[in-house]
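Work through the exercises below with the sequence and the 3D view side by side. Try each task before reading its solution.

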Amino acid sequence: MGYKKVCLNCQKSYNRPFEIEKIRSSQCPQCENQMEELSHLFQPPKQSNNKKWDVVRFLVNNGFKYYHVWETIFKNSKGEITGYQNYVKYPESMKDAKEFVEKYKEQAVTE
Ligand SMILES: [Zn+2]
């Protein structure tokens, strides 16, 4: 699956890995921080839109890296996943993001 390298510090997203050589090492070419790998579904807010980037940081820190989150997950009696239904749209306000993280915490990706 495709992904974007995103620096949450500079609030910048790099689509094309060949843009700058350092990107291969996941290091931000601007501030040298470690960049996040987010899903290609991620639509970066304008760089100056701090409020929206706050929401992005909050979601990423809680394990939501813009991969699909499902409204409903079907499980059989053994608890095995048998199906998915309806993508959930990622929230854009902090208030919605908090509800989202709480509601879908089972689907957070934490390593
Ligand atoms: Zn940076």
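## Exercise 1: The core

Task: find the largest nonpolar core and the residues with the most contacts inside it.

Solution. The largest nonpolar core holds 16 residues. Val6, Leu59 and Tyr66 have the most contacts inside it. A nonpolar core here is a set of buried Ala, Val, Leu, Ile, Met, Phe, Trp, Tyr and Cys residues joined through C-beta atoms within 7 Å. Buried means that 20 or more other C-beta atoms lie within 10 Å of the residue's own; exposed means 12 or fewer; partly exposed is in between; C-beta atoms are placed from the backbone.

Next, ask which elements supply this core. Those that give two or more residues are β1 (3-7), α1 (50-61) and α2 (94-103). The largest share, four residues, comes from α1.

Then take Leu59. Leaving out residues up to four places away in sequence, Leu59 touches Phe64, Tyr90, Ala97 and Val101. Touching means contact: C-beta atoms, placed from the backbone, within 7 Å.

A note on the model: it is predicted, so local features need pLDDT of at least 70 and side-chain atom pairs count only at pLDDT 80 or more, while totals for chains, interfaces and linings use all residues. Residues are numbered from 1 along each chain as its sequence is written.

## Exercise 2: The layout

Task: list the elements of the chain in order from the N terminus.

Solution. Start with the count: two helices and five strands. Helices (H or I, at least four residues) and strands (E, at least two) are DSSP runs, numbered from the N terminus. The order is β-β-β-α-β-β-α.

Now look at the whole chain. Of its 111 residues, 17% count as buried. Among contacts with a separation of 6 or more, 54% join residues 24 or more positions apart.

## Exercise 3: Helix α1

Task: work out which residues of α1 are buried, and on which side exposed residues sit.

Solution. Check the length. The twelve residues of α1, at 1.5 Å a residue, should span 16 Å, and the end C-alpha atoms are 16 Å apart, which agrees. The expected span is 1.5 Å times one less than the number of residues.

List the buried residues: Trp53, Val55, Val56 and Leu59. Seen down the axis of α1, they fall within an arc of 150 degrees, so they line one face of the helix. The arc is taken from the directions from the helix axis to the C-beta atoms. An α-helix has 3.6 residues a turn, so residues three or four places apart point the same way.

Turn to the other side of α1: Asn50, Lys51 and Asn61 are exposed there. The cover over the buried residues includes α2.

Asp54 counts as partly exposed because it has 16 C-beta neighbours inside 10 Å. Asp54 and Met94 are 40 residues apart in sequence, yet 7.6 Å apart in space, C-alpha to C-alpha.

## Exercise 4: Positive phi

Task: compare Tyr66 and Asn86: where is each, and is each buried or exposed?

Solution. Tyr66 is not a glycine, yet its phi is positive, about 70 degrees. Tyr66 lies in the loop between α1 and β4 (70-75). It counts as buried because it has 20 C-beta neighbours inside 10 Å.

Asn86 has a positive phi near 65 degrees. Asn86 sits in strand β5 (residues 81-87). It counts as exposed, with 10 C-beta neighbours inside 10 Å.

Notes. Two residues are in contact if their C-beta atoms, placed from the backbone, lie within 7 Å.
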